[in-house]
Amino acid sequence: MLGSCTCLEVLSLANNQITGLPSSLAAMRNLTKLNLSHNHIAHIPTCVYSMKGLVFLHLAYNRLETIADQIQDLVNLKILIVEGNSIHTLPKTLCFLESLELLNVDFNDLQSVPVEMYLLSKLRRLACHPLDKGLHIVHNPLLKPIQEVLQGGLSALYNYLKPT
């Protein structure tokens, strides 16, 4: 049983047409990298939020429409890739992930971003190249003025979002 592999640090289940994960995987507390990309996952499996050591979480090209507030439990997360889904909104709890260096939300259905986005101080720029650190947010139906603000870069976005 995979859940008994508690010393495992890296797990890739990409390209498997899976729709979820068994709750027994919550015991995998040493996992630092989890790749669930290119599957049929509609919700981030609950057991993932128990994997407190995760630094890298790859959920691109699934069927996600939301990210649960529990995302804030992944306090060590540095890289979150959810591109190519159908995510409508980002939870403000995502903005409490102080270690986040790369957030890829390209090709989703985002119309806006949380006001608290400026708290993500390690996201230092708008990223263009897939391997660049920073915020990847292209190809979303962002509403104005967010779309116009983004033309000024990440600092312009943060200044726009910060409370005055």
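Strands β3 (56–58), β4 (79–81) and β5 (102–104) each supply at least two residues to the lining of the largest pocket, strands being DSSP runs of E of at least two residues and helices runs of H or I of at least four, numbered from the N terminus. The model is predicted, so that local features need pLDDT of at least 70 and side-chain atom pairs count only at pLDDT 80 or more, whereas totals for chains, interfaces and linings use all residues. Residues are numbered from 1 along each chain as its sequence is written, and side-chain values use heavy atoms, without hydrogens and water. The lining consists of Phe56, His58, Ile79, Ile81, Glu83, Leu102, Asn104, Pro130 and Leu131, of which six are nonpolar, two polar and one charged.

Beyond residues up to four places away in sequence, Val48 touches Leu21, Leu34, Leu36, Leu54, Leu57 and Leu74, contact meaning heavy atoms within 4.5 Å.

Met51, found in the loop between β2 (33–35) and β3, is buried, with a relative accessible area of 0% (buried means under 20%, with a 1.4 Å probe and protein chains only). Leaving aside neighbours within four places in sequence, Met51 is in contact with Leu25, Met28, Leu31, Leu34 and Leu74.

Key:
On a 1 Å grid over the protein atoms alone, a cavity is a set of points where a 1.4 Å probe fits but cannot get out, and a pocket is an open set with protein on both sides within 12 Å along at least five of seven lines; lining residues have an atom within 4 Å of a point. Ala, Val, Leu, Ile, Met, Phe, Trp, Tyr, Cys and Pro count as nonpolar, Asp, Glu, Lys and Arg as charged, and the others, Gly among them, as polar. Buried means under 20% relative accessible area, exposed over 50%, partly exposed in between (1.4 Å probe, protein chains only).
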